[in-house]
Amino acid sequence: MKNIYSSFVLGSFLSISCSAAFAKNDITLWPKQKPAIEKNAALEADITRLINKMSLEQKVGQMVQAEITWVTPQDVKKYHLGSVLNGGGTFLHNDRNASVSDWVSFMDELYLASMDTSAGGVAIPVTYGIDAVHGNNKFIGATLYPHNIGLGAAHNPALIYKIGEATAKEVLLAGIDWTFAPTLAVARDDRWGRTYESYSEDSEIVALYSKEMIEGLQGQVNTSNFLDDDHIYSTAKHWVGDGGTYQGIDQGDNRETEKDLIKNHAAAYFPALKAGVQSIMASHNMWNGLRLHGSKYLLTDVLKTRLGFDGFIVGDWNSHSKIPGCTNDSCPQAVNAGLDMFMVVEDWKAFIGNTIEQVENGIIPIERIDDAVRRILRVKIRSGLFNKGLPSKRKYANQKQLLGAPEHKAIARQAVRESLVLLKNNNNLLPLSPDSKVLVAGDGADNMSKQTGGWTINWTGEGNVKSDFPGGTSIFDGIEQAVNKAGGKAVLSPDGSFDEKPDVAIVVFGENPYAEWIGDLKSIAYQAHSHRDAKLIESLKSKGIKVVSVFLSGRPLWVNREINASDSFVAAWLPGSEGVGVADVLFTNKKGNIEYDFKGKLSFSWPKYASQVVLNRFDKPYDPLFAYGFGLTYKDNINLGKLNTHNDFVFEVPTNTPYVIMQGRAKGDWNYQLQTEQETKDIQTPVGKIQGLSMIEADKEIQGDAKEFTWTGSNYASALISSTWYREDLSQYLINKSALTFDIRIEAYPEKALNVQMGCGKSKCGSFDIAPIIKEFKLSTWHKVSIDLLCFANKGVEFERSSAPFVLSSEGAAKVRVANVQFEPKAKETANIKCGE
């Protein structure tokens, strides 16, 4: 248990501080709304009877949502857990290929555990939450719709409703009843790594879509289809201001005034509440220095009281721990602020114990616990969980034919067509004739991972391959279908090489997938140093070939050089699984008639200069390259002149800045490998396994910023951060007297040596055993280890051509977590392992 007294003192201090900080707030600026559903006296009486039967332990259990990796059905029964979720990087039974029937069976196990009263208590069905944010994107074979930024460009509310309806059915087939969607963020700085989760930089479209998506998922409030067997309940997220953080830093500080917070970021929640949204997720971010998870003003005074929200507020991934004085397993401040359900992930058992003790000691009023439980039970009853019985017996359970159903794919294909924005079409190159010789180039042309983006099967969307999308079509697939059907010829050549000169080239390129903070940028200049894709387009142009560029991105980026080299330029965003929709618009039919014109209009302003990292409609001054609402059609006859390609936002990396190798995922061009003496396996997904060694995603400070490595002791095995092709000159870090530093948490002490190494070409060298150091560390606590880089140089590591800056090897059993691997300048003197000059 935590020190209750110190928690109470700090919590009281924070409560006083927060009250003082909010003294300038004006709640009258917020509209006053009534709950979307009129209060039902009989329902409330039923809830009261349930609460009166519940022990404190069962009440607190209902307030906890545990992560699938760290919970069993037996735990649900024993601790009366209210909910279970799976994170973006985790899978059922650690199997990314788990079948629909596997999921339904597990939902049955959770349900039966929650309804088992053999040990006493009250039968309350568990609810399961999943991030179905662009379709049921966790499931291989699901229909994946364009990410929100593309849907915003479509300007079609009726389409959003249809997407919500179809998504609900593909979630229900797995026995799941709750999605963490829609995201109602309004991205105001395009450097933010979650910009693609935003429909628009302006709240107008987001507010219009919020009602449609929620009604598509849940049904229409106060009608017979509301939360019926065809629907799930939804979550509006993230309350509030996540898209407006300073410098676009994810989970950072929104510094806007209360009026601007309402106008820009809260506006979409008003129609969401009127649509009867049943849960709202609190945001990771701060508002003027105070964490949303601990803001009584915004959670209780505004959302629950002023705006009349009578559902429950769920926390985000361990975000309560970011409140000063809180940890993953203890946060009375957030309970008292109004958070109802805590996404505690791994440390939920300790959280339950600490919260019970805090109630018993008067730190948390029992009335606050009862209010939270009442809200959770209200949603569970409204959504029919008490009546629907076993997940496997529900209407859509195990209907595998609905996963990627043709009618759903047709909706997604329409969404792709309508989301495309034509930015340039000089000399009316488009539409193309399908009987042409078409060269299809660029690394995005036949790349399902790139076109589907983050939140696809795994958290970041990285490492997915075409076979992960059965029934899906890449952009090249669609082009090939259209051209072959008309008697033309389509040739796939990612590097742009060809034997026969084509009539036209379509180059598909853009951002690699990412999610959340991993996707944060310092500059919006695309490929500012390598200019790889611009050079590809310029090479084709130099050979007299007309070029259509199809740009895949989760945000507007400064691509003036790429636009200059293109005859036509299409912003395709992240179109999802139905890449065939791109070809529908680029080509006429066989008879030369236009079947689908461009409909997309920018819901984000497009930058003219690299320095325009903050560029939004109604800004003063406002000087975009393409304004909000821009989008050409085939009726337009507009030629775009040459654009300025001077990068006015160049920044230098100081020589005393650490070289970051790993923060959850490998940075830059590095990637994970697992290796034995017989085999080397590239790991492109959050989890991986090889004989004797496995790797899973873990957390230190925020979701996914660490990895857990487990050696079985059956053989010698290594985990590498490396590259089979890339080499980097890191010699400056020797000159700067740097050390290799990393955070490590011991889950099981190494039975034998645990060696830190680096790459020497294709081999490993510079081996240093850290087992003697870490045996002094307490289990399950984080510590820092550092090794003077000169030690590695003395053993033959060539920093001028680094191939693997970090390797961890053992032949004995061990389990450790690692985070924040980096070369830290001027750290050699304080290193755990030091070497002479």
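Author: A residue is called buried when its relative accessible area is under 20%, exposed when over 50%, and partly exposed in between, using a 1.4 Å probe and protein chains only. The model is predicted, so local features need pLDDT of at least 70 and side-chain atom pairs count only at pLDDT 80 or more, while totals for chains, interfaces and linings use all residues. Residues are numbered from 1 along each chain as its sequence is written, and side-chain values use heavy atoms, with hydrogens and water left out.

The rings come next. Rings of Phe, Tyr and Trp (its six-membered ring) pair if their centres lie within 6.5 Å; planes under 30 degrees apart are stacked, over 60 edge-to-face, and the rest tilted. The structure holds 29 such aromatic pairs. One of them joins Trp103 to Phe139, with 5.0 Å between the centres and 40° between the planes, a tilted arrangement. Trp103 belongs to helix α5 (residues 100-115) and Phe139 to the loop between β3 (127-130) and α6 (148-154), so this pair ties together parts that lie 36 residues apart in sequence. Helices (H or I, at least four residues) and strands (E, at least two) are DSSP runs numbered from the N terminus. Trp103 and Phe139 are both buried.

A second pair is made by Phe551 and Phe569: the ring centres are 5.8 Å apart and the planes meet at 45°, so this pair is tilted. Phe551 lies in strand β16 (residues 546-552) and Phe569 in strand β17 (residues 568-573), so that distant parts of the chain, 18 residues apart, are linked. Phe551 has a relative accessible area of 0% and is therefore buried. Phe569 likewise has 0% and counts as buried.

Gln527 lies in the loop between β15 (504-510) and α18 (532-542). Its phi is near 45°, a positive value in a residue other than glycine. Most residues other than glycine have a negative phi, and most peptide bonds are trans. The relative accessible area of Gln527 is 16%, so this residue is buried.

Asn94 also has a positive phi without being glycine, here near 60°. Asn94 sits in the loop between β2 and α5. At 47% relative accessibility, Asn94 counts as partly exposed.

Strand β2 (residues 83-85) runs parallel to β3, and three bridges join them; two strands pair if DSSP finds at least two bridges between them. Leu85 has Gly129 as its bridge partner in β3. Strand β3 is covered on both faces: Thr127 and Gly129 on one side, and Tyr128 and Ile130 on the other, are all buried.

Another sheet is open and has three strands, paired in parallel in the order β5-β7-β10. Its edge strands are β5 and β10 (312-314), each of which pairs on one side only. Strand β7 (residues 279-282) is joined to β10 by three bridges, and these two strands run parallel. Within that pairing, Met281 has Val314 as its bridge partner in β10. His238 is found in strand β5. The peptide bond between Lys237 and His238 is cis, with omega about 0°.

A cis bond also leads from Ala181 to Pro182, with omega near 10°. Pro182 is found in the loop between β4 (178-179) and α8.

The loop between α8 (203-218) and β5 (235-239) holds Asp229. With 43% relative accessibility, Asp229 counts as partly exposed. Contact means heavy atoms within 4.5 Å. Beyond residues up to four places away in sequence, Asp229 touches Leu172, Lys388, Lys395 and Tyr396. The C-alpha atom of Asp229 is separated by 35 Å from that of Thr355, which lies 126 residues away along the chain.

Leu159, Lys162, Ile163, Ala166, Lys169 and Glu170 of α7 meet His408, Ile411, Gln414, Ala415 and Glu418 of α15.

Gln822 is buried, because its relative accessibility is 17%. Apart from neighbours within four places in sequence, Gln822 is in contact with Pro658, Tyr659, Val660, Ile661, Ala739, Leu740 and Thr741.
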